[in-house]
Amino acid sequence: MARVLKLKPFRRDTLWLALAFLFALASAAFLSRISARAQEQGSGAIRVEVNLVVLDATVKTKDGQIMDNLKKEDFEIREDGVAKKIELFSRDELPLNVALVLDLSDSIGPFLGPLRDAAATTLAALKPEDEVALFTFSTEAELRVPLTKDKTKIAEQIGSFQAGGATNINDGIFVASEYLLKEAPKGRRVIILISDDVGTDAGGQGTRDIVTETIAADAALYNLKIPGYNPPMTIFAASMIPGLVNIRKVMDQTGGEIFDVQNVSNLNTVFGALLQRIKTRYTLGYYTAVNGAEGKPHKLDVRLAHSFGTKGRNYLVLSKTGFYFR
């Protein structure tokens with residue numbers, strides 16, 4: 001999903017409204033402040049309807065190389081098949097809001113120490129204004145640390161956990177999405193699933209509901225896949241459990257990626273590469289005429305100009321595939 005920034009009632013101040021609109025087109029930072037101001041409600045106000053759809057995108061060549069020198073005019077956005085004019089374009093200018101979703105099932109126990117060390121190193125590379133929240137899941141999912149700019153809290157918490165229980169990935173992703181939807185932090189929102197991806201509990205939400213909630217939260221799902229300790233019988237049993245979340249499908253529809261840690265000695269490097277990828281995604285925005293009264297999803301298609309060839313053949317775009325009001 002792409003976030004729809006909907007400007008709600010402001011006080012009667014004609015000059016401020018005019019300035020807000022003009023600067024919204026010129027500055028991503030100002031757009032962020034507009035979003036915060038849009039939360040305010042007051043009596044004796046007028047209503048301004050300006051729906052800005054914001055989305056992130058990663059572009060790769062057919063060989064998997066990141067295309068990191070693109071310009072605004074290189075992109076095209078279509079909403080329900082109709083071309084839209086791109087009004088907002090930036091890279092790594094908006095704050096980043098990361099929800100770490102950590103697997104605490106039995107198979108992860110031996111890897112908690114390295115994970116703590118990797119988190120301490122990689123999260124320190126984020127900007128001071130970036131925020132991180134920590135969720136854990138085994139049989140149940142829960143919030144451990146709300147969004148905070150103090151990244152040291154996250155590593156400290158990871159070091160204190162004890163592994164044990166089932167692997168309820170479904171609820172882990174859903175609870176994080178639900179939190180981001182409710183809190184609605186400014187900036188770009190990302191969920192990072194840290195797990196061996198061997199689910200043993202389907203929880204209370206299926207893949208469709210998880211995709212819907214993640215899109216509604218305007219979050220992209222990334223997967224830091226670590227080599228958990230799973231005997232062959234556990235893997236076989238997990239393959240027979242109905243209703244386990246299709247992690248790949250959630251990533252594809254929200255614009256995320258998988259980063260596979262095949263050897264725990266490479267954990268720090270791979271984790272750092274994942275965060276770097278998130279930080280360097282393109283941010284695009286356009287104004288839409290749709291409104292919440294329609295109550296239906298809308299399709300998004302992000303691609304490059306014709307001179308770059310064919311999407312899916314000459315290059316790949318990782319981005320959200322739709323949005324809707326909620």
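A residue is called buried when its relative accessible area is under 20%, exposed when the area is over 50%, and partly exposed in between (1.4 Å probe, protein chains only). The views below show a predicted model, in which local features need pLDDT of at least 70 and side-chain atom pairs count only at pLDDT 80 or more, while totals for chains, interfaces and linings use all residues. Residues are numbered from 1 along each chain as its sequence is written, and side-chain values use heavy atoms, with hydrogens and water left out.

**View 1. Helix H9 and its surroundings.** Helices (H or I, at least four residues) and strands (E, at least two) are DSSP runs numbered from the N terminus. Helix H9 comprises 13 residues, 267–279. From first to last C-alpha H9 reaches 18 Å, close to the expected 18 Å; the expected span is 1.5 Å times one less than the number of residues. The buried residues of H9 are Leu267, Val270, Phe271, Leu274, Leu275, Arg277, Ile278 and Lys279. An α-helix has 3.6 residues a turn, so residues three or four places apart point the same way. The elements against which the buried residues of H9 pack include helix H3 (112–123), strand E10 (219–225) and strand E11 (258–260).

**View 2. The crossing of H3 and H9.** The axes of these helices, which are lines fitted to C-alpha atoms over the stretch in contact, with angles from 0 to 180 degrees between N-to-C directions, come within 9 Å and cross at roughly 40°. H3 and H9 are therefore oblique to each other; angles under 35 degrees count as roughly parallel, over 145 as roughly antiparallel, 65 to 115 as roughly perpendicular and the rest as oblique. Contact (heavy atoms within 4.5 Å) involves, among others, Pro114 and Leu115 of H3 and Phe271 and Leu275 of H9.

View 3. Two strands pair if DSSP finds at least two bridges between them. The strand order is E8-E7-E6-E9-E10-E11, with mixed pairing. Strand E8 (141–148) and E11 form the edges, each pairing on one side only. E10 and E11 pair in the parallel sense over three bridges, and Lys225 stands opposite Asp260 in E11.

**View 4. Strand E13 and its partners.** Strand E13 (residues 298–304) is largely enclosed by the rest of the structure, because five of its seven residues are buried. Strand E3 (residues 75–79) runs antiparallel to E13 and is joined to E13 by five bridges, with Phe75 opposite Leu304. E13 also pairs with strand E15 (residues 322–323) in the antiparallel sense, over two bridges; here Phe323 is the bridge partner of His298.
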